[in-house]
Every structure is written in structure tokens, then in C-alpha cells.
Amino acid sequence: MFDISAQQLVPVDVDGLCIATHDRLLLAEIKCHIGADGITVIMGPNGAGKSLFLRCLHGLIPPKSGRIKFAGRQLDQTIIKRQSFIFQSPTVLRRTVYENLAFVARLRPEIKTDETDRLLAEMRLDHLINQPARLLSGGEKQRLAMARALLTAPNLLLMDEPTANLDPASVQIIEASLETAAANGLKIIIVTHDTGQAKRLAHDVLFLNSGQLKEHTPAEQFFTAPHSAAASAYIRGELTTTG
């Protein structure tokens, strides 16, 4: 399903990553090692820096300082092209559902037609192939965005709150696809506020608060015995500050 052997992008090593704007430090000295296996979940309160960190990994926001390496290589356009990024609010082309994927396939001659059909079926969109994509529901659009991202056979899939405010059926379909993709070797890094989703999917958890990485632990340990007081409060559902 996923041919990631040619250009491996994991593990990801981040060292001293800082982001600042108008003399305000938004991410401070982030250092972590994200392994090659499973689904890594990034959690934390609003304003903690989760989306900023994810966008840094995709080269969308240049850091003030620090380094990001993918399998020992510095982030560059070649690496970015081997990633797929799914935003919270999906963007679809002014085409039918099928043509949204066919357009991507034309850009990548190695993509087979049967893979397009398989992903449409996996995302439960095969009965909507002739529907204008702009007329889909929010959940259907995000499932189309997921199919389009997977069609490129990325080495690394980055997702920023991809199931926020979606219908339960779409959440279930997307989560099942993520588990299948991860089991087939695709590394996934996802930002989510949904504790239940994190418990279902996460192999490990990065917890950010106030622009700092408070802890990075295996998921089971994070949810049962977190190291930091901020993470403990977050898991209990208490209000946490980012100041």
C-alpha cells in the first residue's frame, strides 16, 4: 500500500526549536525524538503551540532557531514533497469527487487507478464519485482530503485537528483508515483536542503547554501517570493556562 522504503522521513529529530513573532516566543527550545512507528499525537490546551509545531515540521513556518531532521536529513523541498498535510478545514477542487483524486493521479503517473478506487471505497465515497466536491458535507470533504493525501503515498502524514466538529460516522471512518495506514508502515503525526481519540489512536503523546514541551511519553503512561502537573490537570479536564 505505502512504498516508503525509497525515501524514509522518520525518525524525526527536533533540537532547540524556537518560534517568535514581534519579540514574543511562541515555541521555546522544543527538543524531541519522534520514532518511526505508530501514530504520534500532539496534545495541549488552546494556544499551547501545537499547530505551530506541526506547521514547522511541514516547512510552513520557518523557525527562529533550532533544527529539524528527518532520518538525519535537514528539512528541504524534497522532504516536504514526501509529506502530506491535512488541515482542520479541508480544501477541495472545483471538480467532482472522483476528479479531485484523478487530478492528483495525473500529477503522479506511478499512481494506479485501482488505488484511487480503493481509497474512495475506504472513505465511503464511492457512491458520490460524480458529486461536485463543493457540495459534500464537512465530514465527506475531510474524508476526500484524507483519500487525496493517502493517494500520494506519503512517507509522513501530518494532520491538524482533522476530525474536529465532524459527524461520528466520518470520525470512525477516518480513524479506521489511520489505523490501517499506520499498520502498513505510514508514520502519522496528529494534533487533537479529543482525549478519547488520542486514547484510541496514540502510540506516544507530545504534550505542549505555553509553548513548551512538557512531556513526551508512551500513550499508556501519559494517560495513566503523566509526569507534569499541567498534563495531569489537562487529562482531568481542568482549565489550564498558556501564559
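Tutor: Strands are DSSP runs of E with at least two residues, numbered from the N terminus. The model discussed here is predicted.

Student: Where does P11 lie, and about how many degrees is omega of the bond that joins V10 and P11?

Tutor: P11 belongs to the segment that precedes β1 (12-21). The peptide bond between V10 and P11 is cis, with an omega of about 10 degrees.

Student: Why are the buried residues of α4 on the same side of that helix, and which elements do they pack against?

Tutor: In α4, which spans residues 113-122, the buried residues are E115, T116, L119, L120 and E122. Because they cover an arc of only 160 degrees around the axis, they fall on the same side of α4, whereas T113 and D114, on the other side, are exposed. The partners against which the buried residues pack are α3 (97-107), α5 (138-151) and α6 (168-183).

Student: Is E161 buried or exposed?

Tutor: E161 sits in the loop between β7 (156-160) and α6, and although this residue is not glycine, its phi is positive, near 50 degrees. Buried means under 20% relative accessible area. E161 has a relative accessibility of 9%, and therefore counts as buried.

Student: Which residue in the hairpin of β9 and β10 takes a positive phi?

Tutor: Strands β9 (residues 204-209) and β10 (residues 212-218) pair in the antiparallel sense over six bridges, and N209 stands opposite Q212 in β10. Two residues lie between the strands of this hairpin. The one with a positive phi, near 55 degrees, is S210.

Technical notes:
Residues numbered from 1 in each chain as written. Predicted model: local features only at pLDDT ≥ 70, side-chain atom pairs only at ≥ 80, totals over all residues. Heavy atoms only, no water. Buried < 20%, exposed > 50% of the residue type's maximum accessible area, 1.4 Å probe, protein only. Helix = DSSP H or I, 4+ residues; strand = E, 2+ residues; numbered from the N terminus. Arc of directions from axis to C-beta. Contact = heavy atoms within 4.5 Å. Pairing = 2+ DSSP bridges.
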